[in-house]
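Here are some notes to read with the structure open beside you. Take the points one at a time and find each residue as you go.

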Amino acid sequence: MNILVVATGGTIGSAASDAVIAPDGAQTLHLLELYKARFPEDQNVFQVHSLCAVLSENANDAFYETILAYFKTADLSAFDGVILLHGTDTLSFTAPLLAMALREIEKPFCLVSSNHILEDANANGVDNFHAAVAYIEGGFAGFVVPYKNSDGRIYYHLATRLLEADPFLDDFHSAYDLPLGEYKNGQVLLTEDSRLPSQAALSKAKEPLMEAAPKFEKNILFLRSAPNLDFFAVELDKKQTTAVLLTAYHSGTAAEEPLKAFALRAKGAGIEVYLAPVKRTAMQYASTDVLLKANVHPLYGLTPEAALAKVKLAYHHPTASPEEILNQNLYFEEIE
């Protein structure tokens with residue numbers, strides 16, 4: 001099989017020198033050398049393209065524009081699948097953005113990272129890469145993130161359901177702790193659950209969300225709920241802020257009075273405020289009910305990372321209104 005490997009930096013594309021970890025362009029070829037040494041029977045052909053060299057904590061709109069511009073114009077017809085090498089820190093933010101913005105790509109698309117630099121004996125980069133290759137070889141579909149957790153198990157996560165990594169174990173999990181599948185004993189084992197899209201659904205051709213790569217010129221302000229968060233310290237007139245996304249607490253709640261006042265201030269400036277995640281339930285907490293009546297728009301059934309990607313794309317769509325995009329299920333991001 002022919003597999004396109006696109007390097008963007010991250011720990012998987014970095015090396016240590018004088019106790020400092022930094023991107024190293026030689027690491028992608030080193031990854032393939034390590035992989036071939038461990039799996040000499042592999043006969044796949046890997047074509048490497050070095051797109052950029054960014055530690056993923058430094059990911060920004062320019063980084064995303066670079067990736068989207070490349071894939072919007074790349075000819076993938078000669079390849080059986082794509083492996084994008086990426087850092088772990090912002091992997092859960094990049095994965096849903098690419099899945100939604102590039103949903104028309106019919107090749108299996110795996111985002112692969114490493115918890116440590118490749119020279120570290122505890123690094124899982126080669127294992128993650130091997131799981132990605134197995135997924136592509138098996139003819140499976142979709143935007144997925146294969147990742148080996150500290151318990152030794154390798155899971156496949158749907159790109160739009162991936163949650164931010166655990167800060168202590170460096171483990172990744174999916175919403176509802178429901179991965180798309182697992183790589184076990186040399187086999188790709190898919191999870192059978194009605195809340196997950198089937199391979200038929202993932203394989204089905206999808207219309208492009210937008211024909212050309214967007215320029216992210218508008219600022220989507222991303223805030224995280226915390227006790228005593230000072231909303232009055234948040235300036236709304238800078239960086240062309242057009243929308244605000246606030247992450248709710250796990251029960252879909254946020255500080256009632258401060259957020260209500262903030263939402264009304266934002267409304268006066270023509271700025272919409274969104275709240276995620278919010279569960280679809282028959283009853284809401286009183287605080288949430290107040291917010292929904294105060295120009296705070298709930299984004300139901302979305303992880304915070306998927307919500308941010310969706311809002312960002314909605315406000316940069318060339319023809320549709322933000323509401324039109326936000327009311328669509330772009331890439332299986334909505335969880336019942």
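1. Let's begin with a term you will need: a residue counts as exposed when its relative accessible area is over 50%, as buried when that area is under 20%, and as partly exposed in between. Keep in mind as well that this is a predicted model. Now try the term on Y176: its relative accessibility is 51%, so Y176 counts as exposed. You will find Y176 in the loop between strand 8 and strand 9.

2. Most residues other than glycine have a negative phi, and most peptide bonds are trans. Y176 is not a glycine, yet its phi is positive, at about 60°. D170 also has a positive phi, of about 65°, without being a glycine. D170 lies in the loop between strand 8 (154–158) and strand 9 (181–184). Is D170 buried, partly exposed or exposed? Its relative accessibility is 29%, so D170 counts as partly exposed.

3. P277 belongs to strand 13, which covers residues 272–278.

4. Eight strands form an open sheet with mixed pairing, in the order 4-1-5-6-7-8-9-10. Which strands are at the edges? They are strand 4 (45–54) and strand 10 (187–190), and each of them pairs on one side only. On average, neighbouring strands of this sheet are turned by 25° against each other, direction ignored.

5. Zoom in on one pair of strands. Strand 1 (residues 2–9) pairs with strand 4 in the parallel sense, over seven bridges. Within this region, L4 stands opposite Q47 of strand 4. A helix also packs on the sheet: helix 3 (residues 91–101) touches strand 5 (81–85), strand 6 (109–112) and strand 7 (143–148). The direction of helix 3 makes about 165° with that of strand 6.

6. Now for the inside. In soluble globular proteins, nonpolar side chains tend to be buried together. Here the largest nonpolar core has 90 residues, and F71, I83, L85, F109, F129 and L299 are those with the most contacts inside it. What does F109 touch, leaving aside residues up to four places away in sequence? Its contacts are F71, V82, L84, L98, G142, F143 and V144.

7. The largest pocket holds about 380 Å³ of space. It is lined by 16 residues, and the closest to its centre are A59, D61, Y64, L308 and K312. Helix 8 gives four residues, the largest share of this lining. There are also two cavities of 30 Å³ or more, and the largest cavity has about 70 Å³ of space. Among its 14 lining residues, R103, I105, E106, L202 and K206 are the closest to the centre.

8. Finish with K215, in the loop between helix 5 (199–203) and strand 11. Its relative accessibility is 56%, so K215 counts as exposed. K215 touches E65 and H316, not counting residues up to four places away in sequence. K215 and L313 are 98 residues apart in sequence, and their C-alpha atoms are 10.0 Å apart in space.

Key
Residues are numbered from 1 along each chain as its sequence is written. This is a predicted model: local features need pLDDT of at least 70, side-chain atom pairs count only at pLDDT 80 or more; totals for chains, interfaces and linings use all residues. Side-chain values use heavy atoms; hydrogens and water are left out. Two strands pair if DSSP finds at least two bridges between them. Helices (H or I, at least four residues) and strands (E, at least two) are DSSP runs, numbered from the N terminus. Axes are lines fitted to C-alpha atoms, for helices over the stretch in contact, and angles run from 0 to 180 degrees between N-to-C directions. Contact means heavy atoms within 4.5 Å. A nonpolar core is a set of buried Ala, Val, Leu, Ile, Met, Phe, Trp, Tyr and Cys residues joined through side-chain atoms within 4.5 Å. Buried means under 20% relative accessible area, exposed over 50%, partly exposed in between (1.4 Å probe, protein chains only). On a 1 Å grid over the protein atoms alone, a cavity is a set of points where a 1.4 Å probe fits but cannot get out, and a pocket is an open set with protein on both sides within 12 Å along at least five of seven lines; lining residues have an atom within 4 Å of a point. Grid points are joined across faces, edges and corners, and a volume is the space filled by probe spheres set on the points.
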